[in-house]
Amino acid sequence: RHSVGSDPPSISSGINAEYGCHCVERLIQKCLPKVACAFRLSGMSPTHLVKRWITSCFLNTLPWSEICNYVLLVVSEGPAYVCLYCVALLKHLEMRLLQHSTQHTLLYNILEEPIVGFMLTDHLDYMLQLEQSHGKMLRADLQSLDVI
C-alpha cells in the first residue's frame, strides 16, 4: 500500500520510476539535444513527463496495442528498455515538442493529448542503436540499484 498523496508504485516493469526518469534525462541530453532544449524553453522537466508515463504504463497516452508492445518489450529485453522506449517516444515527438515549446503550450499538449502515430516496430532500430551505444551505462546503473 502507498500513502495518500504519494506516487503509486510503477505497474509497468518493476523499474523504479525515479531511475527511469534520471536515465531518460541523461539520454535525451546526449542523443536528443533539441528535445532537451524544448523542455528547457518550456520550463517543464522531462522527468515530470517520463515519471507520469512510467507510473501509468502509458494508459491514456498510447493505444492499447502499443502499451502491450511496450510491456512485452520490457519483459523480454529487460528494464533498460523502459528508458530506451521513452527516449524513442520523445524522438517520435520531437517536432511536436519543438513546436509547442515555442508556443508555450508544451505542458498541456504533451500531458493531455494522446500520442498518435507511434509504433514500436518503427522505432526498434533506434532503440537497438541506443542500447549499443548506451547499454553499458544503463546496465551499470541498473546493477548499482540492484534491479538486475
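Tutor: Start with C57, which sits in the loop between α3 (46-56) and α4. Keep in mind that this is a predicted model. The phi angle of C57 is near 55°. That value is positive, and C57 is a residue other than glycine. C57 has a relative accessible area of 6%, so it counts as buried.

Now look at N60. N60 is found in the loop between α3 and α4 as well. Its phi is positive too, at about 65°, although N60 is not a glycine. Is N60 buried or exposed? Its relative accessibility is 75%, and the cut-off for exposed is over 50%, so N60 counts as exposed.

Helix α4 covers residues 64-77. Its partner here is α8. The axes of α4 and α8 come within 11 Å and cross at roughly 35°. The crossing of α4 past α8 is right-handed. Which residues meet? From α4 come E66, N69 and L73, and from α8 come L120, L124 and M127. By class, this contact has four nonpolar residues, one polar and one charged.

Helix α8 has another partner, α5. Helix α5 runs over residues 80-92, and α8 over residues 120-144. The two pack at an angle of about 135°, with axes 8 Å apart. That angle makes α5 oblique to α8. Here too the crossing is right-handed, with α5 passing α8. On the α5 side, the contact is made by A80, Y81, C83, L84, Y85, V87, A88, K91 and H92. On the α8 side, L120, H123, Y126, M127, L128, L130, E131, L138 and L142 take part. Sorted by class, these residues are 14 nonpolar, two polar and two charged.

Take E131 from that list. E131 forms a salt bridge with R139. The closest N and O atoms of the pair are 2.5 Å apart. Side chains of opposite charge can pair when their charged atoms come close. How many salt bridges does a search of the whole structure find? The search finds one. How open are its two ends? R139 has 37% relative accessibility, so it counts as partly exposed. E131 is also partly exposed, with a relative accessible area of 21%.

One more stop: H100. H100 belongs to helix α6, residues 94-102. With a relative accessible area of 12%, H100 is buried. Neighbours within four places in sequence aside, H100 is in contact with T105, L106 and N109. The C-alpha atom of H100 is 8.3 Å from that of A38, and the two residues are 62 residues apart along the chain.

Now step back to the whole chain. It has eight helices and zero strands. From the N terminus on, the elements read α-α-α-α-α-α-α-α. The chain has 148 residues, and 45% of them count as buried. Take the contacts with a separation of 6 or more: 75% of them join residues 24 or more positions apart.

Methods: Residues numbered from 1 in each chain as written. Predicted model: local features only at pLDDT ≥ 70, side-chain atom pairs only at ≥ 80, totals over all residues. Heavy atoms only, no water. Salt bridge = Lys/Arg side-chain N within 4 Å of Asp/Glu carboxyl O. Buried < 20%, exposed > 50% of the residue type's maximum accessible area, 1.4 Å probe, protein only. Axes fitted to C-alpha atoms, helices over the stretch in contact; angles between N-to-C directions. Helix = DSSP H or I, 4+ residues; strand = E, 2+ residues; numbered from the N terminus. Parallel < 35°, antiparallel > 145°, perpendicular 65-115°, else oblique. Left-handed = near helix turned anticlockwise from the far one by under 90°. Contact = heavy atoms within 4.5 Å. Nonpolar A, V, L, I, M, F, W, Y, C, P; charged D, E, K, R; others polar.
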